[in-house]
Amino acid sequence: MNLTAIWAIYRFEMARALRTVTQTVVSPVLSTSLYFVVFGAAIGSRIQEVEGVSYGAFIVPGLIMLSVITQSISNASFGIYFPKFIGSIYELLSAPASFLEITAGYVLAAATKSLTIGVIILITAFFFVDLRIQHPVWMVVFLVLTCLSFSLFGFIVGIWATNFEQLQLVPLLLVQPLIFLGGTFYSISMLPGVWEQVSLFNPVVYLVSGFRWSFYGMADVALGWSLLAIFGFTGLCVAIIGLIFRTGWRIRD
Amino acid sequence: MPAIVSVKNLTKRYDSGTHALKDVSLDIEDGEILALLGPNGAGKTTLISCICGIASATSGTVTVDGHDNVRDYRAARRLIGLVPQEINLEPFETVMNTVRFSRGLFGKAPDDAHLERVLRQLSLWDKKDSQVRALSGGMKRRVLIAKALSHEPKVLFLDEPTAGVDVGLRKEMWDTVSDLQKHGVTIILTTHYIEEAEAMADRIGVISGGEIKLVRDKAGLMRELGRKRFVIELGEAVDMLPAALKDYRLERAAGGCELVYTYDTQGDGTGIRRLLNDLSAAGITARDVRTEQSSLEDIFVDLVDGEGRS
């Protein structure tokens, strides 16, 4: 195992995040704070509590998920797309490093960045709403796994993309709608019958539900399904990346 | 000398249908500088890409110091440094961090003292904290070399290292390359500058249309280049040469109006004066004479253009 290679990629990617700290950290914190102001204070005051939790507090897990998922995808996809774009990927391909090591370097760096943002948002939330975390260990498990799995997904998007437009396409047209319709700002039990059923096809529902459960003990779906969803998604992404590196799809001629 | 890189029957067909390499076999000797000459699209970069693992070969094998570059890719790749043709660098990172990254990627423990030596050797030490984007084109090219040397490779591939580089820098690059050879690094460089191959290489290979047309040691090639042709234009065409001139191995040309005598400039004597005397004695009068010398470029053009030229 070329651990040195993983560490080299990780450090190089983290250095990029530190160079662009405003874009990486300040910007998501600012936008999340705006969500708190708009949904928590302005609109939230007119919405009744959801199962005993104030609306402002109710949306915190969803907001963290929203940021963590989008940041994981954008960090990891950019991380691997940029070397492809500027051509420096030649070095990765000619290095004595396996696909697993290269992926680990980029994905761990992307996950660290989004996890940091998630934690910062969580801390920010304490200033806006009355927050409690019933199952802190599970909260960490869900948060870390979400960061990792969507960083893996972002890595796939970065390899798939052949231009900057495509890089934005999947997060904008697929992931963002799934997150917004995944119970981030509401419980799916609030939806009319048929839409509640339709929502169950949205994988993000399972993640938000499990994460929210770790905060308030309330869930749209059983915890087991949430865990299955996150582990299943992670496994699927690893399998796809393995296939990409074995076949050299879009990276090796 | 033993081969440090051995390419056997390498074939590469791209999905587009391009047959970039056709059954290429090549042994690269330990410690040598091999120049691969070839026109654009000859397959030089594809050959390097297949050896270094950037492209997968359709068939054939590559071993580096005995390690198969697919089955035992870690051991094989550890020995190779690659300087690509294009300047492919992360623009926002500093020079030092860029070379540190390369060393780590190749599994080597941090060694800033070695990196300092490399950067000093390439006159980049003063720029170690500069962002790559702030460097000149020549400096960026040297950063690429520094990256390749950061992990102490035994074999260095330089893909057109002086393309688009001014004369002064080109000479500097040649000095750097010979210096590396003195430190025991085997160097393979591709170029389409013939003088570059002449200046640096121990052996010269010519690649064209995905095939290796020739691999010869430069000294032998230069000896061949040292042969000159002495062309004698005759007053009258001759049909047959007198037996007395047999030893000169003269060739008749231009329908018998010219006689061509090939001689070695590095030999003891050219024999021209004797030939002229013997011609005169045989009653053949020369109207005019000229000498011709084939250059490496002529050989190269002949090989690349095919069989049509004489």
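**Ring contacts and a helix pair**

The charged end of Arg212(A) lies over the ring of Phe58(A), at 3.8 Å from the ring centre. This arrangement belongs to a predicted model, in which 21 aromatic pairs are found over all chains.

**Aromatic pairs in chain A**

- Tyr81(A) and Phe164(A) form an edge-to-face pair, with 5.0 Å centre to centre and 80° between the planes; Tyr81(A) belongs to helix H3 and Phe164(A) to helix H7 of chain A, so that the pair links distant parts of the chain, 83 residues apart.
- Tyr81(A) is buried, because its relative accessible area is 3% and buried means under 20%, whereas Phe164(A), at 36%, counts as partly exposed.
- Phe153(A) and Phe233(A) form a tilted pair, 5.8 Å centre to centre with 45° between the planes, and since Phe153(A) lies in helix H6 and Phe233(A) in helix H10 of chain A, the pair ties together parts that are 80 residues apart in sequence.
- Phe153(A) counts as buried at 17% relative accessibility, while Phe233(A), at 21%, counts as partly exposed.

- One aromatic cluster is formed by Phe99(A), Tyr106(A), Phe155(A) and Phe245(A).
- In chain B, the charged end of Lys128(B) sits over the ring of Trp125(B), 4.7 Å from its centre.

**Helix packing in chain B**

- Helix H5 (residues 137–149) and helix H6 (residues 167–182) of chain B pack at an angle of about 10°, with their axes 11 Å apart, which makes H5(B) roughly parallel to H6(B).
- Residues of H5(B) including Ile145(B) and Leu149(B) meet residues of H6(B), among them Leu169(B) and Met173(B), and by class this contact has 5 nonpolar, 1 polar and 3 charged residues.

Notes
Residues numbered from 1 in each chain as written. Chains lettered and ligands numbered in written order. Predicted model: local features only at pLDDT ≥ 70, side-chain atom pairs only at ≥ 80, totals over all residues. Heavy atoms only, no water. Axes fitted to C-alpha atoms, helices over the stretch in contact; angles between N-to-C directions. Helix = DSSP H or I, 4+ residues; strand = E, 2+ residues; numbered from the N terminus. Parallel < 35°, antiparallel > 145°, perpendicular 65-115°, else oblique. Contact = heavy atoms within 4.5 Å. Nonpolar A, V, L, I, M, F, W, Y, C, P; charged D, E, K, R; others polar. Phe/Tyr/Trp six-rings, centres within 6.5 Å; stacked < 30°, edge-to-face > 60°. Buried < 20%, exposed > 50% of the residue type's maximum accessible area, 1.4 Å probe, protein only. Lys NZ or Arg CZ within 6 Å of the ring centre and 35° of its normal.
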